[in-house]
Amino acid sequence: MASRLFALFASLALLSLLIPSAYGKTASFHVEQGSNNIYFAVNIKYDGVITAVALKQTNPPYSRENGWLPFTHNFGTVWRFDPKDPTMPPFSIQITDSQNNKFVAKDVIPPNWKPNTVYTANLVRA
């Protein structure tokens, strides 16, 4: 019986490594007052230490913006993005934590986003 139980736990542990998720991890993104399509700041609530944040537009208006675009750490848990060109939501946001794990909140910022609003998402491993 114990060997079957061990095999079950070992299988579950292996499966958890293969599934690209951050089971149970969520993050909330408070879009700061003053944010617009040429300045975007978010206060991120995440259970861990954030070392980097990046944004990806689902439908970028300019071909050179197809990848992840880095945020600048503003202060505390606020991160800001100052694009060269106006942005077009929806946005996915990638969080890198202190263990260099990357998690993505896919399309967390909707097309009709508003400043001073909180958006919450389940995170998936990048």
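Charged side chains

Author: Aspartate 107 counts as partly exposed because its relative accessibility is 30%; buried means under 20% relative accessible area, exposed over 50%, and partly exposed in between, with a 1.4 Å probe and protein chains only. The model is predicted, so local features need pLDDT of at least 70 and side-chain atom pairs count only at pLDDT 80 or more, while totals for chains, interfaces and linings use all residues. Residues are numbered from 1 along each chain as its sequence is written, and side-chain values use heavy atoms, with hydrogens and water left out.

Aspartate 107 forms a salt bridge with lysine 106, a term for a side-chain nitrogen of Lys or Arg within 4 Å of a carboxyl oxygen of Asp or Glu. The closest N and O atoms of this pair are 3.8 Å apart. Lysine 106 has 60% relative accessibility and therefore counts as exposed.

The count by this rule is 2 salt bridges. Another pairing joins the side chains of aspartate 82 and arginine 80, at 2.8 Å from N to O. Aspartate 82, at 42% relative accessibility, counts as partly exposed. Arginine 80 also falls in the partly exposed class, at 25%.

Lysine 84 lies in the loop between strand S6 (78-81) and strand S7 (91-97); strands (E, at least two residues) are DSSP runs, numbered from the N terminus. Lysine 84 counts as exposed because its relative accessibility is 79%. From C-alpha to C-alpha, lysine 84 is 9.6 Å from tyrosine 39, and the two are 45 residues apart in sequence.

Conventions. Helices (H or I, at least four residues) and strands (E, at least two) are DSSP runs, numbered from the N terminus.
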